[in-house]
There are 2 protein chains.
Amino acid sequence: MEKYDALKIENQICFPLYACSREIIKQYKPFLDELDLTYTQYLVMMVLWEKKVATVKELGTTLYLDSGTLTPLLKKLESKGLITRARSKTDERNLDVAITEQGEELKEQALSVPEQIAKCSNLEPEEAVMLYKILYKILKQGT
Amino acid sequence: MEKYDALKIENQICFPLYACSREIIKQYKPFLDELDLTYTQYLVMMVLWEKKVATVKELGTTLYLDSGTLTPLLKKLESKGLITRARSKTDERNLDVAITEQGEELKEQALSVPEQIAKCSNLEPEEAVMLYKILYKILKQGT
DNA sequence: CTATATTTAATTGCATACAATTGAATTGGA
DNA sequence: TCCAATTCAATTGTATGCAATTAAATATAG
(Lines give C-alpha, C1' and ligand atoms only; values in the text may rest on other atoms or scores of the structure.)
Protein backbone atom coordinates (compact mmCIF):
# COMPACT_ATOMS: atom_id res chain seq x y z
CA MET A 1 0.00 0.00 0.00
CA GLU A 2 1.73 3.13 -1.24
CA LYS A 3 1.16 6.58 0.17
CA TYR A 4 -0.91 7.81 -2.79
CA ASP A 5 -2.95 4.65 -3.43
CA ALA A 6 -6.09 6.23 -2.03
CA LEU A 7 -5.91 8.78 -4.84
CA LYS A 8 -6.11 6.16 -7.58
CA ILE A 9 -9.35 6.00 -9.56
CA GLU A 10 -9.56 2.24 -9.14
CA ASN A 11 -9.54 2.55 -5.37
CA GLN A 12 -12.53 4.85 -5.21
CA ILE A 13 -16.12 3.81 -4.85
CA CYS A 14 -17.62 7.08 -6.10
CA PHE A 15 -16.12 6.91 -9.57
CA PRO A 16 -17.72 3.61 -10.71
CA LEU A 17 -20.97 4.85 -9.21
CA TYR A 18 -20.77 8.02 -11.25
CA ALA A 19 -19.68 6.23 -14.43
CA CYS A 20 -22.25 3.45 -14.05
CA SER A 21 -25.05 5.90 -13.55
CA ARG A 22 -24.20 7.69 -16.77
CA GLU A 23 -23.63 4.49 -18.74
CA ILE A 24 -27.01 3.08 -17.75
CA ILE A 25 -28.76 6.35 -18.52
CA LYS A 26 -27.19 6.11 -21.99
CA GLN A 27 -28.78 2.68 -22.36
CA TYR A 28 -32.16 4.29 -21.73
CA LYS A 29 -31.67 6.89 -24.44
CA PRO A 30 -32.85 5.00 -27.54
CA PHE A 31 -36.00 3.86 -25.74
CA LEU A 32 -36.72 7.27 -24.22
CA ASP A 33 -36.13 8.94 -27.58
CA GLU A 34 -39.23 7.14 -28.81
CA LEU A 35 -41.20 8.88 -26.04
CA ASP A 36 -39.43 12.19 -26.67
CA LEU A 37 -38.32 12.25 -23.04
CA THR A 38 -34.94 12.74 -21.43
CA TYR A 39 -34.01 10.53 -18.49
CA THR A 40 -34.73 13.25 -15.93
CA GLN A 41 -38.05 14.05 -17.58
CA TYR A 42 -38.85 10.34 -17.48
CA LEU A 43 -38.18 10.28 -13.73
CA VAL A 44 -40.59 13.16 -13.18
CA MET A 45 -43.21 11.44 -15.32
CA MET A 46 -42.78 8.23 -13.31
CA VAL A 47 -43.60 10.09 -10.11
CA LEU A 48 -46.66 11.65 -11.74
CA TRP A 49 -47.84 8.41 -13.35
CA GLU A 50 -48.02 7.08 -9.83
CA LYS A 51 -49.20 10.13 -7.86
CA LYS A 52 -51.06 12.23 -10.47
CA VAL A 53 -50.15 15.42 -8.58
CA ALA A 54 -47.08 16.59 -6.69
CA THR A 55 -45.58 19.91 -5.68
CA VAL A 56 -42.16 20.95 -6.94
CA LYS A 57 -40.96 20.43 -3.38
CA GLU A 58 -42.24 16.84 -3.33
CA LEU A 59 -40.71 16.07 -6.72
CA GLY A 60 -37.43 17.46 -5.49
CA THR A 61 -37.46 15.39 -2.32
CA THR A 62 -38.34 12.23 -4.20
CA LEU A 63 -35.80 12.70 -6.98
CA TYR A 64 -33.03 14.51 -5.05
CA LEU A 65 -33.32 17.52 -7.35
CA ASP A 66 -33.87 21.20 -6.61
CA SER A 67 -36.01 23.89 -8.19
CA GLY A 68 -33.08 25.12 -10.27
CA THR A 69 -33.19 21.83 -12.14
CA LEU A 70 -36.91 21.17 -11.93
CA THR A 71 -38.39 24.53 -12.88
CA PRO A 72 -37.08 24.63 -16.47
CA LEU A 73 -37.65 20.90 -16.89
CA LEU A 74 -41.27 21.18 -15.74
CA LYS A 75 -41.86 24.12 -18.07
CA LYS A 76 -40.68 21.90 -20.90
CA LEU A 77 -43.00 19.06 -19.92
CA GLU A 78 -45.79 21.61 -19.69
CA SER A 79 -45.03 22.90 -23.19
CA LYS A 80 -45.25 19.31 -24.44
CA GLY A 81 -48.73 19.08 -22.90
CA LEU A 82 -47.80 16.27 -20.52
CA ILE A 83 -48.33 18.19 -17.26
CA THR A 84 -49.95 21.33 -15.88
CA ARG A 85 -48.38 23.77 -13.42
CA ALA A 86 -50.52 25.85 -11.06
CA ARG A 87 -50.09 27.50 -7.69
CA SER A 88 -51.76 25.65 -4.87
CA LYS A 89 -54.96 27.34 -3.68
CA THR A 90 -54.36 26.46 -0.06
CA ASP A 91 -50.75 27.66 -0.02
CA GLU A 92 -49.61 29.82 -2.87
CA ARG A 93 -45.95 29.12 -2.15
CA ASN A 94 -46.48 25.64 -3.51
CA LEU A 95 -46.72 24.84 -7.19
CA ASP A 96 -48.91 21.86 -7.97
CA VAL A 97 -47.71 19.81 -10.87
CA ALA A 98 -50.40 17.55 -12.30
CA ILE A 99 -50.42 15.02 -15.10
CA THR A 100 -52.65 15.67 -18.12
CA GLU A 101 -54.70 13.24 -20.18
CA GLN A 102 -51.90 13.26 -22.74
CA GLY A 103 -49.40 12.53 -19.99
CA GLU A 104 -51.50 9.57 -18.87
CA GLU A 105 -51.59 8.22 -22.39
CA LEU A 106 -47.80 8.20 -22.55
CA LYS A 107 -47.78 5.75 -19.65
CA GLU A 108 -48.89 2.88 -21.90
CA GLN A 109 -46.09 3.53 -24.33
CA ALA A 110 -43.61 3.91 -21.45
CA LEU A 111 -44.30 0.38 -20.25
CA SER A 112 -41.93 -0.89 -22.92
CA VAL A 113 -39.00 1.05 -21.41
CA PRO A 114 -38.37 -1.03 -18.25
CA GLU A 115 -39.17 -4.12 -20.31
CA GLN A 116 -36.44 -3.45 -22.84
CA ILE A 117 -33.97 -2.16 -20.25
CA ALA A 118 -34.32 -5.37 -18.26
CA LYS A 119 -32.97 -7.26 -21.26
CA CYS A 120 -29.78 -5.17 -21.26
CA SER A 121 -28.69 -6.15 -17.75
CA ASN A 122 -26.13 -8.89 -17.19
CA LEU A 123 -26.56 -8.85 -13.42
CA GLU A 124 -27.71 -11.90 -11.52
CA PRO A 125 -30.97 -11.27 -9.65
CA GLU A 126 -29.15 -11.53 -6.30
CA GLU A 127 -26.62 -8.97 -7.45
CA ALA A 128 -29.39 -6.58 -8.43
CA VAL A 129 -31.04 -7.02 -5.03
CA MET A 130 -27.74 -6.47 -3.25
CA LEU A 131 -26.96 -3.40 -5.33
CA TYR A 132 -30.41 -2.00 -4.64
CA LYS A 133 -30.07 -2.48 -0.88
CA ILE A 134 -26.64 -0.92 -0.67
CA LEU A 135 -27.62 2.10 -2.77
CA TYR A 136 -30.68 2.81 -0.64
CA LYS A 137 -28.59 2.41 2.50
CA ILE A 138 -26.34 5.16 1.19
CA LEU A 139 -29.28 7.34 0.19
CA LYS A 140 -30.99 6.96 3.57
CA GLN A 141 -27.89 8.23 5.31
CA GLY A 142 -28.55 11.72 3.92
CA THR A 143 -32.03 11.81 5.46
CA MET B 1 -47.69 -7.30 -9.12
CA GLU B 2 -49.72 -4.71 -10.95
CA LYS B 3 -49.37 -3.90 -14.62
CA TYR B 4 -47.56 -0.60 -14.07
CA ASP B 5 -45.30 -1.65 -11.18
CA ALA B 6 -42.23 -1.69 -13.41
CA LEU B 7 -42.75 2.04 -13.94
CA LYS B 8 -42.44 2.88 -10.24
CA ILE B 9 -39.32 4.69 -9.13
CA GLU B 10 -38.79 2.28 -6.25
CA ASN B 11 -38.67 -0.68 -8.63
CA GLN B 12 -35.86 0.69 -10.74
CA ILE B 13 -32.18 0.10 -10.21
CA CYS B 14 -31.01 3.05 -12.31
CA PHE B 15 -32.63 5.72 -10.17
CA PRO B 16 -30.83 4.98 -6.87
CA LEU B 17 -27.62 4.68 -8.87
CA TYR B 18 -28.18 8.11 -10.37
CA ALA B 19 -29.25 9.67 -7.06
CA CYS B 20 -26.43 8.03 -5.08
CA SER B 21 -23.83 9.19 -7.51
CA ARG B 22 -24.97 12.79 -7.15
CA GLU B 23 -25.35 12.60 -3.37
CA ILE B 24 -21.84 11.27 -2.89
CA ILE B 25 -20.39 13.87 -5.25
CA LYS B 26 -22.08 16.46 -3.05
CA GLN B 27 -20.23 14.99 -0.07
CA TYR B 28 -16.97 15.64 -1.91
CA LYS B 29 -17.78 19.28 -2.53
CA PRO B 30 -16.59 20.90 0.73
CA PHE B 31 -13.29 19.03 0.53
CA LEU B 32 -12.77 19.72 -3.17
CA ASP B 33 -13.63 23.38 -2.66
CA GLU B 34 -10.45 23.64 -0.60
CA LEU B 35 -8.50 22.48 -3.66
CA ASP B 36 -10.56 24.70 -5.97
CA LEU B 37 -11.52 21.62 -8.01
CA THR B 38 -14.87 20.30 -9.17
CA TYR B 39 -15.49 16.57 -8.95
CA THR B 40 -14.88 16.01 -12.65
CA GLN B 41 -11.71 18.09 -12.54
CA TYR B 42 -10.61 16.01 -9.55
CA LEU B 43 -11.11 12.83 -11.59
CA VAL B 44 -8.92 14.16 -14.39
CA MET B 45 -6.26 15.18 -11.88
CA MET B 46 -6.34 11.71 -10.32
CA VAL B 47 -5.55 10.16 -13.69
CA LEU B 48 -2.69 12.61 -14.20
CA TRP B 49 -1.32 12.25 -10.68
CA GLU B 50 -0.88 8.62 -11.54
CA LYS B 51 0.13 8.77 -15.22
CA LYS B 52 1.70 12.25 -15.56
CA VAL B 53 0.62 12.37 -19.24
CA ALA B 54 -2.46 11.22 -21.15
CA THR B 55 -4.18 12.10 -24.38
CA VAL B 56 -7.73 13.44 -24.38
CA LYS B 57 -8.73 10.12 -25.87
CA GLU B 58 -7.16 8.18 -23.01
CA LEU B 59 -8.76 10.43 -20.40
CA GLY B 60 -12.08 9.92 -22.11
CA THR B 61 -11.76 6.14 -22.16
CA THR B 62 -10.69 6.02 -18.54
CA LEU B 63 -13.39 8.38 -17.26
CA TYR B 64 -16.20 7.58 -19.72
CA LEU B 65 -16.25 11.17 -20.94
CA ASP B 66 -15.99 12.64 -24.44
CA SER B 67 -14.13 15.61 -25.85
CA GLY B 68 -17.24 17.75 -25.59
CA THR B 69 -16.95 17.51 -21.82
CA LEU B 70 -13.18 17.28 -21.55
CA THR B 71 -12.03 20.04 -23.88
CA PRO B 72 -13.50 22.97 -21.90
CA LEU B 73 -12.64 21.30 -18.60
CA LEU B 74 -9.00 20.79 -19.62
CA LYS B 75 -8.75 24.40 -20.77
CA LYS B 76 -9.86 25.41 -17.29
CA LEU B 77 -7.28 23.21 -15.60
CA GLU B 78 -4.68 24.67 -17.96
CA SER B 79 -5.70 28.22 -17.04
CA LYS B 80 -5.24 27.27 -13.38
CA GLY B 81 -1.71 26.15 -14.19
CA LEU B 82 -2.30 22.54 -13.16
CA ILE B 83 -1.78 20.96 -16.59
CA THR B 84 -0.38 21.68 -20.04
CA ARG B 85 -2.03 20.89 -23.38
CA ALA B 86 0.02 20.27 -26.51
CA ARG B 87 -0.40 18.37 -29.76
CA SER B 88 1.53 15.14 -29.87
CA LYS B 89 4.63 15.36 -32.06
CA THR B 90 4.26 11.82 -33.35
CA ASP B 91 0.58 12.16 -34.21
CA GLU B 92 -0.90 15.62 -34.34
CA ARG B 93 -4.42 14.34 -34.01
CA ASN B 94 -3.65 13.58 -30.39
CA LEU B 95 -3.53 16.19 -27.68
CA ASP B 96 -1.12 15.35 -24.88
CA VAL B 97 -2.27 16.52 -21.49
CA ALA B 98 0.54 16.66 -18.93
CA ILE B 99 0.65 17.56 -15.27
CA THR B 100 2.69 20.60 -14.22
CA GLU B 101 4.83 21.10 -11.14
CA GLN B 102 1.94 23.02 -9.61
CA GLY B 103 -0.38 20.14 -10.43
CA GLU B 104 2.01 17.74 -8.71
CA GLU B 105 2.05 19.91 -5.62
CA LEU B 106 -1.73 19.73 -5.34
CA LYS B 107 -1.40 15.97 -4.92
CA GLU B 108 -0.18 16.32 -1.35
CA GLN B 109 -3.13 18.47 -0.41
CA ALA B 110 -5.50 16.11 -2.23
CA LEU B 111 -4.49 13.20 0.00
CA SER B 112 -6.87 14.53 2.63
CA VAL B 113 -9.88 14.11 0.31
CA PRO B 114 -10.19 10.30 0.29
CA GLU B 115 -9.24 10.35 3.98
CA GLN B 116 -12.12 12.59 4.94
CA ILE B 117 -14.59 10.98 2.55
CA ALA B 118 -13.89 7.58 4.07
CA LYS B 119 -15.21 8.91 7.37
CA CYS B 120 -18.56 9.80 5.78
CA SER B 121 -19.43 6.28 4.67
CA ASN B 122 -21.75 4.13 6.72
CA LEU B 123 -21.16 1.03 4.58
CA GLU B 124 -19.69 -2.14 6.01
CA PRO B 125 -16.41 -3.08 4.30
CA GLU B 126 -18.06 -6.15 2.72
CA GLU B 127 -20.83 -3.97 1.36
CA ALA B 128 -18.31 -1.61 -0.20
CA VAL B 129 -16.48 -4.54 -1.81
CA MET B 130 -19.74 -5.99 -3.11
CA LEU B 131 -20.85 -2.62 -4.47
CA TYR B 132 -17.49 -2.13 -6.16
CA LYS B 133 -17.62 -5.56 -7.83
CA ILE B 134 -21.16 -5.13 -9.11
CA LEU B 135 -20.52 -1.65 -10.48
CA TYR B 136 -17.44 -2.78 -12.38
CA LYS B 137 -19.35 -5.76 -13.71
CA ILE B 138 -21.87 -3.32 -15.18
CA LEU B 139 -19.15 -1.06 -16.53
CA LYS B 140 -17.26 -3.93 -18.18
CA GLN B 141 -20.37 -4.91 -20.06
CA GLY B 142 -20.06 -1.80 -22.23
CA THR B 143 -16.55 -2.74 -23.30
C1' DC C 1 -51.70 41.79 15.86
C1' DT C 2 -47.41 42.69 13.81
C1' DA C 3 -42.59 42.25 12.88
C1' DT C 4 -39.56 38.53 12.07
C1' DA C 5 -38.41 34.01 10.58
C1' DT C 6 -39.29 30.32 7.57
C1' DT C 7 -40.76 28.07 3.45
C1' DT C 8 -41.14 27.66 -1.40
C1' DA C 9 -40.34 28.37 -6.43
C1' DA C 10 -37.96 31.04 -9.62
C1' DT C 11 -33.79 33.08 -11.31
C1' DT C 12 -28.84 33.53 -12.21
C1' DG C 13 -24.39 31.90 -13.09
C1' DC C 14 -21.26 28.29 -13.64
C1' DA C 15 -19.90 23.55 -14.77
C1' DT C 16 -20.79 19.56 -16.70
C1' DA C 17 -22.75 15.73 -20.13
C1' DC C 18 -23.44 14.33 -24.58
C1' DA C 19 -25.17 13.90 -29.52
C1' DA C 20 -23.94 15.59 -33.82
C1' DT C 21 -20.98 17.95 -36.84
C1' DT C 22 -16.57 19.77 -38.45
C1' DG C 23 -11.91 19.79 -39.87
C1' DA C 24 -7.27 18.32 -39.61
C1' DA C 25 -4.13 14.31 -39.54
C1' DT C 26 -3.22 9.65 -40.41
C1' DT C 27 -4.01 5.01 -42.21
C1' DG C 28 -4.82 1.52 -45.45
C1' DG C 29 -6.20 -0.38 -49.64
C1' DA C 30 -6.23 -0.33 -54.79
C1' DT D 1 1.31 6.67 -54.65
C1' DC D 2 -3.17 8.46 -54.03
C1' DC D 3 -7.54 8.74 -52.20
C1' DA D 4 -11.24 7.00 -49.39
C1' DA D 5 -12.00 5.67 -44.72
C1' DT D 6 -10.79 6.35 -40.07
C1' DT D 7 -9.30 8.73 -35.97
C1' DC D 8 -9.15 12.48 -32.94
C1' DA D 9 -10.08 17.05 -30.73
C1' DA D 10 -12.85 20.96 -31.08
C1' DT D 11 -17.24 23.12 -31.68
C1' DT D 12 -22.26 23.69 -31.39
C1' DG D 13 -26.58 23.14 -29.34
C1' DT D 14 -29.52 21.20 -25.87
C1' DA D 15 -30.40 19.56 -21.22
C1' DT D 16 -29.26 19.07 -16.90
C1' DG D 17 -27.28 19.89 -11.84
C1' DC D 18 -26.55 22.86 -8.21
C1' DA D 19 -25.08 26.87 -5.21
C1' DA D 20 -26.61 31.28 -4.18
C1' DT D 21 -29.88 34.82 -4.36
C1' DT D 22 -34.48 36.78 -4.75
C1' DA D 23 -39.26 37.48 -3.93
C1' DA D 24 -43.63 36.17 -2.48
C1' DA D 25 -46.50 33.71 0.90
C1' DT D 26 -47.10 31.79 5.26
C1' DA D 27 -46.03 30.70 10.02
C1' DT D 28 -44.60 32.18 14.53
C1' DA D 29 -42.95 34.62 18.46
C1' DG D 30 -43.71 38.35 21.46
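Trainee: Which residues of α7(A) are buried?
Mentor: Bearing in mind that this is a predicted model, the buried residues in α7(A) are E127(A), L131(A), I134(A), L135(A), Y136(A), I138(A) and L139(A).

Trainee: And what do the buried residues of α7(A) pack against?
Mentor: They pack against α1 (14–35) of chain A, and also against two helices of chain B, namely α1 (14–33) and α7 (125–141).

Trainee: How far apart are the end C-alpha atoms of that helix, α7 of chain A?
Mentor: They are 25 Å apart, which agrees with the 24 Å that its 17 residues, 125–141, should span at 1.5 Å a residue.

Trainee: Switching topic, which domains does the assignment give for chain A?
Mentor: The assignment gives domain 1, made of 1–35 + 112–143, and domain 2, which covers 36–105. The contact between them takes 9 residues from domain 1 of chain A and 6 residues from domain 2 of chain A, while their C-alpha centres lie 25 Å apart.

Trainee: What area is buried between those two domains of chain A?
Mentor: About 690 Å² is buried between domain 1 and domain 2 of chain A, with carbon and sulfur atoms giving 68% of that area.

Trainee: Which element gives the most to the domain 1 side?
Mentor: On the side of domain 1 of chain A that touches domain 2 of chain A, α1(A) gives the most, with 6 residues.

Methods
Residues numbered from 1 in each chain as written. Chains lettered and ligands numbered in written order. Predicted model: local features only at pLDDT ≥ 70, side-chain atom pairs only at ≥ 80, totals over all residues. Heavy atoms only, no water. Helix = DSSP H or I, 4+ residues; strand = E, 2+ residues; numbered from the N terminus. Expected span 1.5 Å × (residues − 1). Buried < 20%, exposed > 50% of the residue type's maximum accessible area, 1.4 Å probe, protein only. Contact = heavy atoms within 4.5 Å. Domains from an automatic or database assignment. Buried area = accessible area lost by both parts, 1.4 Å probe.
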